[in-house]
Amino acid sequence: MTDVTDTTSPAGPGPGAPHHHDGPAVQRQIVDIVASRTLYDESYLLPDSHFEAELGIDSVLHESILALVRERFALTAPLPAGLSTIGELTAAVRAAQSGPLTESGPRTEPGPRTEPGPRTEPGPRTQQPLPRTEANSAPAPAAAAAPTAPDDDHLVEAVLRAAMHHTQYRRDQLPLDADFEGELGVDSVVLVSIVADCARELGLPDNLAGTLTAPTLRGLTAELRDHIAATAAGAQRCPGDDGTPWDSRSMKDFVEERDGDLFAKARSFRSHLRGREAERLYWYGMPLHSRCGNRAVILDEHTGRKREFLMFASNNYLGVANHPKVIEAVCDATRTFGATHTGSRFIGGTNMLHKELERRLAAFKARPACIVFPGGYAANLGTISALVKSYDTLIVDKLNHMSIVDGARLAGSVRRIYQHNDMSDLERILKRCDDRTTGRLVVADGVFSMHGDLCDLPAIVRLGREYGARVMVDDAHATGVLGERGTGTAEHFGLKGEVDLELGTMSKALAGMGGFVVGDEEVVEYLRYYASSYVFAANIPAGVAAGLIASLDVIEAEPERIARLWSNIRFLHGQLADAGFDLENTESAILPLVIGDERRALEMGRAVRARGLFCQTVVFPGVPLGDARLRVSVTCEHTRDDLETAAGIFVEAARETGVLPSAG
């Protein structure tokens, strides 16, 4: 990220700078690097902090830190082996800059480490909370005094510390005027966490998180300064307080609640959840008591009553989940091979059916090779983190699935976000990170799961070639839906074989469980050894693999299922569009009824269920605040009567709740 450095930020020279530094400056930059790779708050990173015993830094992460240190200080010679503390690493860097090591330099073979006196233990490496101080402990009571206005340096420092903690970037990689999304890859969820940290340190209310919309760190600093001034003047704003009995909080308000008791946030959320459930607004996770087809029997656990619903919340797009041949294949293989295999693919977990499934999926997608993961989420986590490293760049669409977002976090790479389907913005980002010495991977959903529209794959592939970036498309909701044979986004656009990697899930149209990636043999082979969510996880049971093979048989033998699906999609889309619903730009089996306001969306979902139809009500974090919606999934099993009834129910419920104007 050396292309966006900012000399106004309190950062040292960028990577490769041949400058010598004094001891505190070296240690400060090393602490920045360790903080960026571990998510620890800097106050935990003391000179005698032992990398493994106290910070939980394993050998792989340790090597990554050493590589960044060598790059940061332009060291040509390797660092000594056995550097086990931040102090030793600091001394080694200073010695390397000034010549041969002296007796005061780092130990190359340290003996047993003397345990230090009592100190605060940082605990596990991941998701480490900030240390509890007066500035960031549990929120102060409402009657507490207004915060004292900090000077600008303190305010900037607070913002930078929070940004480093939640982005894994070093201080020198956080210029104050860099755009959060396009240059830093900071999405709305990460920004909520950054603001929450700042609010606690500065004595501002927790509900400030999610209300600040500045596009840069400098802009965020200015907004925080305004809030501090308003609070000091007695004119504190209270975001979300509309003066009504309605609980205006959303799930975002419980993400960053801090307390000495780790479970305090769970108690707070439980109270909110029970209120939503009492009003029958949150209706998530209700159990089915039947097969899930065009209709399903669901138990309402709030009332204890079962009811048959028209089902428009299923991803069983081709109706294969209930096909007799698929069910028979699952049962036969389970009787033959047992319930599961109790091992990873490398250690006793590979069955002949897994090999056959990978062969069939590769043939179905018309690619040389395939690797099967335990789930679609695991496929994104494992593939992205195996291929993209801290010195590489991952470039993602703003509306990509959360599994891609989490894969980027796990990779620890530079992340850039381009505006949704904005190819000029994608090209701008590719131009700015066009360093051919490091890798770039562009990842996009084929079908965006909460919006139903398609990525502009032809333009993405063209730009990837032009700027030397690899391309991966996530076909979770495209496999079985797009293309004449249902093989996905690449077939739909006539780009078979031109996309580097195609990823898919098997829990939707393929009616099973698991995830997969297809591509060139050498890349798939690499993933088998370096994708942790494949190497260190048990695989799908043999019975599931057999069912998936049978599903592919059915899909290939009965292409009329895809034709029937698209006939249903077009009919219901026309009915809902004619009624006045906002369906955005959907071109798939996902029809979003965009409402915006969370309360109204929840109320419409309740009204729809009361009329005997079930679809998903999507609020934060499924979509950003202010973009709530109902998500309607169409399958080939829906009859014309189902579709006409559904359209009538949506219109009635929308008029009842004010989403559409009344019939009069």
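Colleague: Helices (H or I, at least four residues) and strands (E, at least two) are DSSP runs, numbered from the N terminus; which helix gives the most to the nonpolar patch?

Modeller: Helix H15, residues 521-530, gives the most, with three residues. The model is predicted, so local features need pLDDT of at least 70 and side-chain atom pairs count only at pLDDT 80 or more, while totals for chains, interfaces and linings use all residues. Residues are numbered from 1 along each chain as its sequence is written, and side-chain values use heavy atoms, leaving out hydrogens and water.

Colleague: Which residues make the nonpolar surface patch?

Modeller: Phe346, Ile347, Leu387, Tyr526, Tyr529 and Tyr530 make a patch of about 660 Å². Patch residues have over 30% relative accessible area (Shrake-Rupley, 1.4 Å probe, only the protein chains shown as cover) and no salt bridge; nonpolar side chains (Val, Leu, Ile, Met, Phe, Trp, Tyr) are joined within 5 Å, like charges within 9 Å.

Colleague: Why does tyrosine 526 count as partly exposed?

Modeller: Tyrosine 526, which lies in helix H15, counts as partly exposed because its relative accessibility is 34%. Buried means under 20%, exposed over 50%, and partly exposed in between.

Colleague: Turning to salt bridges, how many are there?

Modeller: The count comes to 37 salt bridges, each a side-chain nitrogen of Lys or Arg within 4 Å of a carboxyl oxygen of Asp or Glu.

Colleague: Which side chain does arginine 28 meet in a salt bridge?

Modeller: Arginine 28 meets aspartate 32, with 3.7 Å from N to O. The two are separated by about one helical turn because they stand four residues apart in helix H1 (residues 23-38). Arginine 28 is partly exposed at 33% relative accessibility, whereas aspartate 32 is buried at 5%.

Colleague: What about arginine 280 and aspartate 300: how far is N from O?

Modeller: Their salt bridge has an N to O distance of 1.9 Å. This pair links distant parts of the chain, 20 residues apart: arginine 280 is in the loop between helix H7 (264-278) and strand E1 (295-300), and aspartate 300 is in strand E1. Arginine 280 is partly exposed, with a relative accessible area of 36%; aspartate 300 is buried, with 5%.

Colleague: And where do arginine 359 and glutamate 356 lie?

Modeller: Both are in helix H9 (residues 352-365), three residues apart, about one turn of the helix. Arginine 359 is partly exposed at 49%, and glutamate 356 is partly exposed at 27%. Elsewhere, salt bridges that share partners join Lys365, Arg367, Asp475, Lys496, Glu502 and Asp520 into one network.

Colleague: What does methionine 604 touch?

Modeller: Leaving aside residues up to four places away in sequence, methionine 604 touches Phe581, Leu593, Ile595, Leu630, Phe650, Ala653, Ala654, Thr657 and Val659; contact means heavy atoms within 4.5 Å.

Colleague: Finally, is proline 661 buried or exposed?

Modeller: Proline 661 counts as exposed, at 63% relative accessibility. Proline 661 is found in the segment after helix H20 (640-657).

Notes: Buried < 20%, exposed > 50% of the residue type's maximum accessible area, 1.4 Å probe, protein only.
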